[in-house]
Amino acid sequence: MDNPHNRLIIVSNRLPYRIEPDEREGFAFTRTVGGLVAGLEPLHAQPGNVWLGWADEPAGLDEAGRARFERALAERSCAPVRLDERDAELYYEGFSNSALWPLFHGFPQHTRFDEEAWEAYVRVNERFRDAVLALARPGDTIWVHDYHLMLLPSLLREALPDASIGFFLHIPFPDYETFRMLPWRRELMRGVLGADLVGFHAYDYVRHFLSSCRRIVGVENESGTLFADGRLAQVDAFPLGIDYVRYRDAARLPAVRRLVAELGEEKGHEGCKLMLSVERLDYSKGIPERLLAFDAFLDRFPEWRGRVVLVLVTVPSRENVASYAALKKQVDELVGLINGKHSTMDWTPVDYYYRSLPFERLIGLYAASDVMLVTPLRDGMNLVCKEYLACHDGGGGALVLSEMAGASYELHEALCVNPFDQEGVVDAMRRALEMPEAEQRRRNAPMQERLARYTSEKWAREFLDAAADVKRRQAGLSAHLLGPTSAGRLLEAFRGARRRALLLDYDGTLMPFSDDPARVAPDARLRALLQQLGAAARTDVAVVSGRDRATLESWLGDLPVDLVAEHGIWFRGRDERTWVLEEPLSDDWKDAVRPVVADFVDRTPGSMLEEKDFSLVWHYRMCSQELAERRVIEIKNALGDGLADRGIALMDGNKVVEVKPRGVDKGHAAHRWFRDPAYGFVLAAGDDRTDEDVFEAAPESAWTVKIGDGPTRARYALKNTGEMRALLEQLAVACAEEDAEGGDGASPGAGRRDVLRAPATVMPRTRALARA
């Protein structure tokens with residue numbers, strides 16, 4: 001298979017081999033089985049690709065043995081990460097499996113938050129980072145897997161800012177209310193957001209993750225696309241498949257067919273049906289609940305006694321953990337209880353295996369079973385149900401599947417059940433056992449076609465293709481970023497112009513946003529910067545804002561800058577003390593609109609109403625994203641029909657909806673500067689929808705700059721307010737150098753101040769031309 005991608009570095013907690021002691025060599029490698037290994041095996045096999053993971057070097061190896069061990073790993077395209085024994089225990093059992101696993105699966109009662117374990121988790125993720133950096137080359141794609149390594153993407157991003165980094169979580173991502181319980185929630189979110197592409201098995205997990213992005217780290221998204229630290233990233237669902245052909249063909253082998261016949265004879269008299277349950281021992285798998293449902297089934301439908309056997313295969317897991325030992329004891333007792341209660345001389349209802357089964361034996365059980373029970377309480381995906389269907393390719397067999405498994409989103413033709421609803425599970429068992437083979441085939445056919453098409457290999461390919469697409473999109477965006485080259489041209493144009501105008505938005509451009517709009521007063525450095533730029537002989541500065549005039553005057557009124565308030569409704573020149581209303585306006589409409597907007601404030605926790613001279617603003621930055629999206633639609637529907645007749649319009653901003661006079665906007669106000677031919681350099685900068693009016697109105701020669709992400713009419717973009725402030729610092733330095741040199745004689749002269757004192761009756765265009 002040709003690899004269209006550059007070299008791939010796969011990073012997971014463990015390598016795809018089980019390493020065991022061996023008397024002759026000192027160690028032996030056994031390829032592990034499972035969906036992840038199966039999905040990545042074709043990629044791992046390609047020349048140059050590497051799999052990096054935690055490898056326990058067998059004890060007792062001498063120097064020559066360790067060298068052989070290193071060579072054996074290299075021959076298998078594997079790179080080991082070595083961990084301190086204490087760190088390994090705290091990171092794996094202490095944090096990954098005692099904090100993240102239970103919390104993410106919705107079992108907070110099993111969750112243990114321990115500071116020492118967290119610190120070990122950080123150290124181990126850093127150890128993985130160092131191991132990756134020792135391998136990585138320019139052009140590599142780094143694919144990080146699962147909850148053990150949620151800090152790794154950002155650690156790698158810090159060291160490799162241009163690398164292609166993917167992250168995939170193979171367990172559920174919890175809802176916000178659950179995830180917020182984690183003391184280190186912000187660190188984990190930031191860790192994952194270091195990736196270019198974040199993948200989950202199901203869209204519900206995507207939705208939960210995006211909700212936490214907004215609520216915990218303040219990162220918004222649009223259709224799964226988000227900007228973290230100014231870098232585009234994508235979040236999406238990629239349901240993991242299986243190697244369908246492998247399971248289908250294995251079930252058709254003569255040896256497996258013989259095993260199927262033997263299994264039928266083992267279970268007693270003719271006509272006895274088999275229900276199969278195969279799970280790793282874990283409280284998330286719902287094994288006790290499944291046994292209790294089977295017991296209730298035999299009570300409710302006694303006619304099935306002697307006619308059905310539940311084959312329960314439980315694979316040992318974390319036997320040294322107390323909660324798992326208690327679970328094992330509970331399962332053992334339930335099996336004994338059911339068998340003691342219902343058994344007859346020639347029939348035992350539960351056939352219990354507490355061990356891992358060889359592949360051929362497992363395939364035989366799949367193929368021999370009439371019903372497959374997959375009823376976890378919570379599961380990221382669950383591949384057992386897919387393997388079962390592959391072993392029944394083209395045939396019957398009934399699947400009872402939990403709604404709480406990620407696979408249920410794909411396999412909706414199965415008998416889907418709520419595993420917490422015992423009566424529902426009992427009824428599904430009956431329906432599955434009594435289902436005609438024709439209906440079984442009808443249900444299975446579309447699921448089997450889907451699984452045969454979307455295999456584990458296709459899953460891996462689609463993820464890598466999507467990661468490459470993100471990098472292409474980033475490249476397209478970066479072409480518009482105001483980088484060193486374009487910034488150099490901007491500075492050169494600034495220096496070469498006899499007159500310059502800087503039109504600057506305030507919120508989101510000069511100052512970052514705050515949950516409380518009243519708490520973003522300019523800091524001392526910003527005021528000093530505006531003072532320096534505004535006082536420069538050849539430079540005019542205007543702050544063009546949606547803020548009310550009182551706020552702007554209190555914050556910036558003493559600085560040598562022009563002020564535009566309420567998106568162009570009010571203007572105040574740098575040397576004036578009175579505000580000019582650009583055109584006659586009325587606020588009579590407010591009495592009719594205010595109660596409607598106030599009602600939405602009452603119904604939307606976290607929102608607020610701001611009243612300006614000629615506008616009403618509904619702020620929803622602190623609201624739930626889902627609720628806010630719904631309310632925005634509702635408020636537009638509630639107000640939309642009657643506004644046009646009043647000459648009023650609705651305007652979307654950054655987490656605001658503003659009701660204001662139609663035809664008055666920042667673009668209209670900016671014409672004051674755009675129409676003035678004296679300006680050889682114009683810079684307009686803003687961050688949201690209201691600033692797009694300025695960008696649209698700007699002449700082609702203007703330098704228009706969007707702050708932040710998203711589509712824009714601006715020619716260039718900067719990532720955040722920090723970069724915008726850095727650009728203004730460079731312009732201020734240029735102004736200081738000019739002033740020190742005495743300028744070029746192009747002083748604006750006293751006439752500029754006189755014009756700005758012109759009476760309010762002078763039209764904006766006349767006043768602007770007079771300034772020239």
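This is a predicted model: local features need pLDDT of at least 70, side-chain atom pairs count only at pLDDT 80 or more; totals for chains, interfaces and linings use all residues.
Local features need pLDDT of at least 70, side-chain atom pairs count only at pLDDT 80 or more, and totals for chains, interfaces and linings use all residues. Residues are numbered from 1 along each chain as its sequence is written, and side-chain values use heavy atoms, with hydrogens and water left out.

Helix H21 covers residues 590-603. Helices are DSSP runs of H or I with at least four residues, numbered from the N terminus. The expected span of a helix is 1.5 Å times one less than its number of residues. For the 14 residues of H21, this gives 20 Å. The end C-alpha atoms of H21 are 20 Å apart, so the two values agree.

Five side-by-side labels describe the burial of H21: Lys 590, Val 593, Val 597, Phe 600 and Val 601 are buried. Buried means under 20% relative accessible area, exposed means over 50%, and partly exposed lies in between (1.4 Å probe, protein chains only). Asp 591 and Asp 602 are exposed, on the face of H21 turned away from its buried side.

The whole structure holds 50 salt bridges. A salt bridge is a side-chain nitrogen of Lys or Arg within 4 Å of a carboxyl oxygen of Asp or Glu. One of them joins Glu 177 to Arg 180, with the closest N and O atoms 2.9 Å apart. Glu 177 is partly exposed, at 46% relative accessible area. Arg 180 is also partly exposed, at 36%.

Another salt bridge links Asp 249 and Arg 248, at 3.0 Å from N to O. Asp 249 counts as partly exposed, with 34% relative accessibility. Arg 248 is partly exposed too, with a relative accessible area of 24%.

A further salt bridge connects Asp 469 with Arg 472, where the closest N and O atoms are 3.8 Å apart. Both residues belong to helix H17 (residues 456-478). They are three residues apart, so about one helical turn separates them. Asp 469 is partly exposed, at 34% relative accessible area. Arg 472 is exposed, at 53%. Salt bridges with shared partners also join Arg 157, Asp 196, Arg 231 and Lys 471 into one network.

Technical notes. Helices (H or I, at least four residues) and strands (E, at least two) are DSSP runs, numbered from the N terminus.
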